[in-house]
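Trainee: Can we go through this one together? I have some questions about the layout.
Mentor: Go ahead, with the model open.

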Protein chains: 2
Amino acid sequence: MAAKLTPDKRSAALASLHGWVEVDGRDAITRVFKFRNFSEAWGFMSRAALVAEGMDHHPEWTNVYSKVEVTLSTHDAGGVTELDIKLARAMDEIAA
Amino acid sequence: MAAKLTPDKRSAALASLHGWVEVDGRDAITRVFKFRNFSEAWGFMSRAALVAEGMDHHPEWTNVYSKVEVTLSTHDAGGVTELDIKLARAMDEIAA
């Protein structure tokens with residue numbers, strides 16, 4: 001099972017990502033992705049969904065038209081693990 | 001432009017849908033859809049996304065693994081219109 005990252009490791013991982021920040025009051029990370037329209041937002045989500053399903057590690061995410069807000073945390077570990085960093089990095093690459 | 005439904009028309013429309021309720025403190029309707037897993041939830045969202053894009057009327061929705069929470073309101077009208085009822089009905093049919 002993936003283990004929760006130490007604060008130092010989590011800070012280092014966050015610094016290597018794009019626009020991800022810690023969630024207030026919860027051991028999780030979040031990023032808002034903005035696109036030009038729903039079609040682009042949906043394209044991003046579709047590609048990210050395939051990655052998530054392949055990892056068997058899924059995001060919490062909200063979509064409102066061109067905006068996608070993603071929160072990542074590993075339920076079994078009770079916090080942010082390498083799985084979350086890996087999925088965040090994949091999402092960054094898809095959105096890039 | 002779609003006009004906001006009167007309270008009577010909205011109540012009648014809600015009664016004809018499955019599990020949709022009014023949102024507290026906001027002129028909008030909401031339903032939680034539950035599936036067996038992420039794959040099924042994603043299948044529902046993908047089909048609903050095609051309908052929404054075809055209508056040029058989009059949901060606000062949150063997905064957490066097998067659960068999809070949808071909120072519908074028509075931004076331009078400042079409340080629930082026939083567009084929302086139509087999209088809600090399509091989502092009910094997809095999920096049925």
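Trainee: Where is His18(B) found?
Mentor: His18(B) is in the loop between helix H1 (7-15) and strand S1 (21-22) of chain B. Helices (H or I, at least four residues) and strands (E, at least two) are DSSP runs, numbered from the N terminus. Before you go on, this is a predicted model, in which local features need pLDDT of at least 70 and side-chain atom pairs count only at pLDDT 80 or more, while totals for chains, interfaces and linings use all residues. Residues are numbered from 1 along each chain as its sequence is written, chains are lettered from A and ligands numbered from 1 in the order in which they are written, and side-chain values use heavy atoms, with hydrogens and water left out.

Trainee: Is His18(B) buried or exposed?
Mentor: Exposed, because the relative accessible area of His18(B) is 54%. Buried means under 20% relative accessible area, exposed over 50%, and partly exposed in between (1.4 Å probe, protein chains only).

Trainee: And which residues is His18(B) in contact with, leaving aside neighbours within four places in sequence?
Mentor: Arg31(B) and Asp92(B). Contact means heavy atoms within 4.5 Å.

Trainee: Switching to Met91(B). Where is the place of that one?
Mentor: Met91(B) sits in helix H3 of chain B. With a relative accessibility of 0%, Met91(B) counts as buried.

Trainee: What does Met91(B) touch, not counting residues up to four places away in sequence?
Mentor: Trp20(B), Phe33(B), Phe44(B), Ala48(B), Pro59(B), Trp61(B) and Val70(B). Tyr65(B) is 26 residues from Met91(B) along the chain, and their C-alpha atoms are separated by 18 Å.

Trainee: At what angle do H2(B) and H3(B) pack?
Mentor: About 150°, with the axes of H2(B) and helix H3 (residues 82-95) of chain B 10 Å apart. That makes H2(B) roughly antiparallel to H3(B). Axes are lines fitted to C-alpha atoms, for helices over the stretch in contact, and angles run from 0 to 180 degrees between N-to-C directions. Angles under 35 degrees count as roughly parallel, over 145 as roughly antiparallel, 65 to 115 as roughly perpendicular and the rest as oblique.

Trainee: Which residues make the contact there?
Mentor: From H2(B), they are Phe44(B), Arg47(B), Ala48(B), Val51(B), Ala52(B) and Met55(B); from H3(B), Leu83(B), Lys86(B), Leu87(B), Ala90(B), Met91(B), Ile94(B) and Ala95(B). By class, the contact of H2(B) with H3(B) has 11 nonpolar, no polar and 2 charged residues. Ala, Val, Leu, Ile, Met, Phe, Trp, Tyr, Cys and Pro count as nonpolar, Asp, Glu, Lys and Arg as charged, and the others, Gly among them, as polar.

Trainee: Now across the chains. How do the axes of H2(A) and H2(B) cross?
Mentor: At roughly 165°, and they come within 12 Å. H2(A) and H2(B) are therefore roughly antiparallel to each other. Their crossing is left-handed. A crossing is left-handed if the near helix is turned anticlockwise from the far one by less than a right angle, and right-handed if clockwise.

Trainee: How many residues of each class are in the contact of H2(A) with H2(B)?
Mentor: There are 8 nonpolar, 4 polar and 2 charged residues in the contact of H2(A) with H2(B).

Trainee: What rotation superposes chain A on chain B?
Mentor: One of 180°, with 0.0 Å of shift along its axis and an RMSD of 0.0 Å. The two copies are thus related as by a two-fold rotation axis. In chain A, the C-alpha nearest the axis belongs to Thr62(A), 2.1 Å from it. Copies are superposed by least squares on the C-alpha atoms of residues with pLDDT of at least 70 in both.

Trainee: Last topic, backbone. What is phi of Asp56(A)?
Mentor: Positive, about 50°, although Asp56(A) is not a glycine. Most residues other than glycine have a negative phi. Asp56(A) lies in the loop between H2 and strand S3 (60-64) of chain A, and counts as exposed at 58% relative accessibility.

Trainee: And what is phi of Tyr65(A)?
Mentor: Near 55°, again a positive value in a residue other than glycine. Tyr65(A) is in the loop between S3 and strand S4 (67-72) of chain A. With a relative accessible area of 37%, Tyr65(A) is partly exposed.
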